[in-house]
Amino acid sequence: MIRAVKGTHDILPDEIGLWQMVEASARSLFGRYGYREIRTPVFEETQLFARGIGGETDIVSKEMYTFEDRMDKEGRSNSLTLRPEATAGVVRAVIENHLHQTDPALKVFAIGPMFRAENVQKGRYRQFHQVDVEAFGVADPSIDVEIIEMAVSYLEACGLAGSTLLLNSVGDSECRPAYTEKLRAALRKEASRLCGDCQRRIETNPLRVLDCKVPEDQEIIEGLPRIADSLCGPCEAHFAEVRRELDLLGIAYRQSHRLVRGLDYYTRTTFEVVSGALGSQNSVLGGGRYDGLVKDLDGPDLTGIGFALGMERLVMLLEGGRAAPRCDAYLAVLASAGRDKALLLQRELRRSGFATLMDYAGHGLKSQMKRADKLGARLVLLLGDDELSKGVWTVRDMASSNQQAVDDARVIEHVKEKLHG
Ligand code: ATP
Ligand code: MG
């Protein structure tokens, strides 16, 4: 038997209700903030991610699905990669299509699958899905707060409770290099007590040490210099305004000096929503400002801020009933000669906007009633030999168990009265 590839999963009809709700909430809520949907390809040239995400990140260094394209007629081929995240592709599309010229405060969102060669665990897959939000061209801290407030409202709209918003500033190209050096110097003193990964990071990317989850390293990390104490004047002012406006809007957050995000292009504001209920895969969404990214990818000097939410993790946190197929009226046809009449009625009912189902296998009354009940049908339209000869349908209201005979010509109208009236 062929099984789904490890780290991928089916989203089955029973589960789809939550997924559709989460997607519908995104479209409806984000629209109220001026966001429009964008859909970009699931694969791009490898160099887009290598440059846009940064070689030292987990994503680029070990998680990308990269493959050589088929050769063209000249015998050349390209290195392609399945997108591990959405931002780089969205930025490429913005630059390529000059979207920033049509709207100085461009807001877009994307929903779709991402691919990372990860160690598969609960809440960590190799094909997973993200809701991704990006806003370009606004440098003001008010947009940072607006996007954070939208993320929080979105989780609320989806019915998520009990999550925590974490906030930090990672400075910018003015102040971060000095902080990085300060951190590196402090880390060198502790090097022998750190895990192997962190020892390597001291030279390659010391900020990543702050992300380390190895228990033995935690105490050392807590004692390291904090970036908040090294911000330059403009970054400090930006961060203060973000916090002031969050307070103004009554949005609770916890400052976390260790929140540096995995990606190199982040500047100033970073944020994350975590939920204790997820265990070690506790991050529901993460985001921040990336003022240098668009220019780094050969675009205009355009500021940006965004977040990405993991849909599997959100759905895991939501209580969801099974989504049964919708059924307004169930047609129970017992007269073998009644099939044609039922097919015609079914078509008319569906055209009138009703969800109907019927049994094509000729099961008995008892079994068909049981199925109608299980489907949650509000009405059952019964056609036996008796009904057929009299030119009527027996209409049973499943809630009240009342039934009455209704003339063929009046059935549609009767169903409308029952279900709409
Ligand atoms: P983590 O620290 O859990 O690896 P990350 O920093 O790699 O997360 P991002 O790249 O910021 O995560 O992606 C944003 C969100 O996408 C995460 O908060 C998480 O909800 C989700 N996510 C990331 N990787 C996976 C994965 N392999 N499977 C399922 N969801 C994922
Ligand atoms: Mg990761």
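Colleague: Is Glu-37 buried, partly exposed or exposed?

Modeller: Bear in mind that this is a predicted model. Glu-37 sits in strand S1 (residues 36-37). Buried would need under 20% relative accessible area, and exposed over 50%. At 29% relative accessibility, Glu-37 therefore counts as partly exposed.

Colleague: Which side chain does Glu-37 meet in a salt bridge?

Modeller: The side chain in question comes from helix H1 (residues 16-32), 10 residues apart from Glu-37, and the pair links distant parts of the chain. The N to O distance is 2.9 Å, inside the 4 Å cut-off for a salt bridge. Glu-37 pairs with Arg-27.

Colleague: Okay, and how many salt bridges does a search of the whole structure find?

Modeller: Side chains of opposite charge can pair when their charged atoms come close. One case is Asp-72 with Arg-76, where the closest N and O atoms are 3.5 Å apart; Asp-72 is partly exposed at 34%, while Arg-76 counts as exposed at 52%. For the whole structure, the search comes to 29 salt bridges.

Colleague: What separates Asp-197 and Arg-200 in helix H8?

Modeller: Their side chains meet in a salt bridge, 3.5 Å from N to O. Asp-197 has a relative accessible area of 37% and Arg-200 one of 44%, so both fall between 20% and 50% and are partly exposed. Since they are 3 residues apart in H8 (residues 196-204), what separates them is about one helical turn.

Colleague: Now Arg-83. How far away is the nearest side chain of opposite charge?

Modeller: Arg-83 lies in the loop between strand S4 (79-82) and helix H4 (87-96), and this arginine is buried yet has no salt bridge. A salt bridge requires a nitrogen and a carboxyl oxygen within 4 Å. The nearest side chain of opposite charge, Glu-44, is 6.8 Å away.

Colleague: Then which backbone oxygen does the Arg-83 side chain reach?

Modeller: Leaving aside neighbours within four places in sequence, Arg-83 is in contact with residues including Phe-43, Phe-49, Gly-112 and Met-114. Pro-113 is also among those contacts. At 2.8 Å, the side chain of Arg-83 reaches the backbone oxygen of Pro-113.

Colleague: Which residue caps the N-terminal end of H6?

Modeller: Helix H6 (residues 141-157) has 17 residues and reaches 24 Å from its first C-alpha to its last, close to the 24 Å expected. Its buried residues include Pro-141, Ile-148 and Tyr-154. At the N-terminal end, a side-chain oxygen of the cap lies 2.8 Å from the backbone nitrogen of Ser-142, and that cap is Asp-140.

Colleague: Which strand holds Arg-268, a non-glycine with a positive phi?

Modeller: Arg-268 has a phi of about 50 degrees. His-98 also has a positive phi of about 50 degrees, but His-98 is found in the loop between H4 and helix H5 (99-102). His-98 is partly exposed at 43%, whereas Arg-268 counts as buried at 16%. The strand holding Arg-268 is S9.

Colleague: Last one: how far is an oxygen atom of ligand 1 from an N or O atom in the side chain of Ser-283?

Modeller: Of the 14 residues around ligand 1, Ser-283 is one of those that come nearest, along with Arg-116, Glu-118, Tyr-125 and Arg-261. Ligand 1 also has an oxygen 3.1 Å from a polar side-chain atom of Gln-130, and one 3.0 Å from an N or O atom in the Arg-313 side chain. For Ser-283, the distance is 2.7 Å.

Technical notes
Residues are numbered from 1 along each chain as its sequence is written. Chains are lettered from A and ligands numbered from 1 in the order in which they are written. This is a predicted model: local features need pLDDT of at least 70, side-chain atom pairs count only at pLDDT 80 or more; totals for chains, interfaces and linings use all residues. Side-chain values use heavy atoms; hydrogens and water are left out. Helices (H or I, at least four residues) and strands (E, at least two) are DSSP runs, numbered from the N terminus. Buried means under 20% relative accessible area, exposed over 50%, partly exposed in between (1.4 Å probe, protein chains only). Lys and Arg count as positive and Asp and Glu as negative; His and the chain ends are not counted. A polar contact is a pair of N or O atoms within 3.5 Å; within protein, one must be able to donate a hydrogen and the other to accept it, and residues adjacent in sequence count only if both atoms are side-chain atoms. Contact means heavy atoms within 4.5 Å. The expected span of a helix is 1.5 Å times one less than its number of residues. A residue is near a molecule or strand if one of its heavy atoms lies within 4 Å of it.
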